[in-house]
Structures are given as structure tokens and as C-alpha cells.
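The structure is shown first, followed by the points grouped by topic.

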Amino acid sequence: MALDKIGIAKRIALELKDGYYVNLGIGIPTLVANYIPEGINVEFQSENGVLGMGAFPFDGEEDADLINAGKQTITTLDGAVFFDSANSFAMIRGKHVQLTVLGAMEVSEQGDIANWKIPGKMVKGMGGAMDLVASADNIIVAMMHTNKAGESKLLKSCSLPLTGVKCVKKIVTNLAVLEVTNEGFKLLERAPGVSVEEVQNATLGELIIEGDIPEMNP
Amino acid sequence: MIKKEVKSIDEAIKGVQSNMTFMLGGFGLCGIPENCIEALSNSGINGLTCISNNAGVDNFGLGLLLQKRQIKKMISSYVGENAEFERQMLSGELEVDLIPQGSLAERCRAGGAGIPAFYTPAGYGTEVAEGKEVREFNGQPHILESALEADFAFVKAWKGDTAGNLIYKGTARNFNPMMAMAGKITVAEVEHIVPAGELDPASIHTPGIFVQRIIQGSNYEKRIEQRTVRTKD
């Protein structure tokens, strides 16, 4: 069975390593914070200016001066710190953040990503996404394998305006875990009960299948 | 001590004119200069270029200036959450320059720090890079981004003193410190103003040298854009 959004978040959480500073994008990536594996200590950075982000506040304890990059009210954990936007992106550009997880509308087999604009339809802006993808060494995309029209989001080349080029390293979708290699999307794992053929049918870019592809083991 | 305190909002925004370029601090509705925005909305000036990470919501923040068609051009990184903004942009009434958030922050910082331009990897290979110089450093392509300056910068802090020194609260800091640096005239509104000498000099975020006017703000709404909570079990 294909994964739901929580399943995608749980699988990505397995990529967290002890000591990582992590930036989570809006949407599915935000859910990753709920599934940190036991014994792993990570800190979440939000580019509007906080490290050490905690859970949502209890009802009635919201603070208008304490939000994340999705403009949601949050809390902080022990050791948290606030900083300005220039310092925040110094952390990001300077590669002090070890993992970036973000959503995408399209990813190409070269690792290009498009997630900020649909010409003539949706023009909201890139926010911090371009800075994040241009600098991070470790970028995981969390997304559904196909769009609402059933079309593949894993393409030979992106049709939408790019956010960054040759930057995505790994993709976790509702159907599979894939690594971006020089030859294309290398299939690493299938979602439970999902066949290699189903992944192939939902992938327009080059899909590399080597040997038996294991099921995810979340 | 150089005295920066002004007592009225009219005095705080004195000198603003149509067709000027303004910077306005804040991220979403967090840390925006509410009092100054309201005064600018009432001032009737127009043709403004506004540099601000976001554009407010329909009836709050910069949305107030958009409603009255006072803004000619917005320079921002993210402008969702505002239907009137989208309408003006798609109809061509409003010019919009969208730039990566980190580049926006650094361009403001550079403007205040005497750095005319800098190279950044952000936006390389995208439409943001169109027309910009590309140069390789350490084998990686970077694009040249120029500094931003403004006729006025309007910032919001939690606490300030009569010498213009500022302390921000929580994530309301965001773009305010860099914009304070980059304004020819920087106006700071604060929730609490205290006499110079009361703030710990080691705890000040924005030194008063960057601030020309400081005013005790009033009637802060501090609206929350996305109220997310959990319930106690």
C-alpha cells in the first residue's frame, strides 16, 4: 500500500542522525519532527530565526512573537536561540545545517527541483527555498510521486521554473525511496506492497533498478 | 548621549514622500512596525517601493497600503496570504520583484554595511539569475547580488532606550536588524522605551547608531497568522 503523508515523514525521520541541525520545509517535511528515532538528538532550525524549535504551544499559551517559517505558533526547547535573518541564512549558506527536507512540485533526474512558481497561476515566491537548495549538501525531497492529475513528478527535466539545479540527493514519495545519481533516479526501496512496476509506471525520468528492491522498513 | 526619542507618530514619519523607497521589518505579521504602517496608510503618500519579506494580509500589515494603492513596487521573498496583492500583481498594477529570502536579508545587511555587492550560490540556474554576473568560486557557480538601501527603514523592537538601542523579542527579530542598518533614516517603534543606561549594553541587538528616531508604540494588535496549538491530555 502506498504511504500516506505520515508514512513519508516517518521514513524520512530514519535519515536523521545524532547531532544533526535540520531545516524542515512547510507541509510533509514539518511532520518529520514528530517521529525522531529514539536515542537521536537533533535540533530544528527555522529560517525566520530560531534554532531549537519545539512542539506547538498549548491552547492559550500562543505567543505572537514566536513563530516558525510557516508562520505557525511554536514553542522552544532548552538550548534554543533566536537570531536575525542574515545570521539564519549564514547558517544555511555556510553549511552549518546538516539536513534540509522540503517539498517539491517537480524533480528532474539530474536533481533539479521546482517548487515555487506556476507561471500565470501561482506566484507566491520562493521564500528561503532557493538559498536552502543552493547550499545544502544533504537535501531530501518529501512529496507524492504524482500530482493531483496523476502525472509523474519525477521527470527527465522540470517543466516549471527551477528553484535550484543539481541539488536533490534523495526523494521519499508515497511509493518509493530514490537516490539521484548521475544516471538518473536509482530505486532504493518500495513502499510496502507497492511493486517495482508501479513505481516505474509513475516515474517519467530515467529509473534505475538494480537487483531486488527491498520494501521500506519503517 | 544623542537623543533619538520622538513623542508623536507624525514626528516619527516626518519627511516621508511619494515615490520613496521604504524597508519594513517583519516576517509574516511577526515583528512588523504596526504603528508606522498605520501612519503611512493615513499619510496618503503613494508610488512607494516597499522592501519587506512579505506583504501582510488583506487588512493588516502592508495589506493596508496595498488596499489604498499606495505601493508601486514590492521587493519580497514570499507574498502568499494576500488576495488583493495577487489581484494587483496579475493585473499589472503592482510591480513585484521576488528574491530569495537569504539574498534579501544579505542585500539589506550589505546596504547598511558598506558592501556594494556580493556573490551567492542562491538562485544560480533559475530566473533569479537572469542578467546577473556569474562567477565560479571553489568550483561552484555564484551570482552577483547588489546591496539594497532605503530612504526610510521602519523597524519594530520589543524594548529600546532613548539612545536608539534596540532589543527584539523571540522570532520578531527577523529582518529588523538588517533593515535598521540600511535606512537613510531608520525609525524604530518599540513596545517599551526606557531611559538610556537601563539596558545592559551587552544585550543590545541593534546599536543606536543605526537608529535615527525611536518612538514608544501603542495599541499593538500583534495578530497571529497561523494559530497552531496542541491540547493538554
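Five salt bridges are counted between chain A and chain B in this predicted model. Over all chains, the count of salt bridges comes to 26. Between chain A and chain B, 24 residue pairs are in polar contact, both residues being at pLDDT 80 or more.

**Extent and composition of the interface**
- Chain A contributes 47 residues to the contact and chain B contributes 49.
- About 4100 Å² is buried between chain A and chain B, and carbon and sulfur atoms give 60% of this area.
- A:Asp65, A:Lys71 and A:Lys124 supply 19% of the area that chain A buries against chain B, more than any other three residues.
- The side of chain A that touches chain B comprises 21 nonpolar, 13 polar and 13 charged residues.

**The salt bridge between A:Asp65 and B:Lys222**
- A:Asp65 and B:Lys222 form a salt bridge in which the closest N and O atoms are 2.5 Å apart.
- A:Asp65 lies in the loop between strands S3 (50-53) and S4 (76-82) of chain A, and B:Lys222 in the segment after strand S11 (213-216) of chain B, so the pair joins two chains.
- A:Asp65 is buried, at 3% relative accessible area.

**The wider network**
- B:Lys222 also meets B:Glu191 in a salt bridge (3.1 Å, N to O).
- B:Glu191 belongs to strand S10 (residues 183-194) of chain B, 31 residues apart from B:Lys222.
- B:Glu191 is buried, with 17% relative accessible area.
- A network of salt bridges links A:Asp63, A:Asp65, B:Lys156, B:Lys169, B:Glu191 and B:Lys222.

Conventions. Residues numbered from 1 in each chain as written. Chains lettered and ligands numbered in written order. Predicted model: local features only at pLDDT ≥ 70, side-chain atom pairs only at ≥ 80, totals over all residues. Heavy atoms only, no water. Contact = heavy atoms within 4.5 Å. Buried area = accessible area lost by both parts, 1.4 Å probe. Salt bridge = Lys/Arg side-chain N within 4 Å of Asp/Glu carboxyl O. Polar contact = N/O pair within 3.5 Å; in protein donor to acceptor, adjacent residues only side chain to side chain. Nonpolar A, V, L, I, M, F, W, Y, C, P; charged D, E, K, R; others polar. Helix = DSSP H or I, 4+ residues; strand = E, 2+ residues; numbered from the N terminus. Buried < 20%, exposed > 50% of the residue type's maximum accessible area, 1.4 Å probe, protein only.
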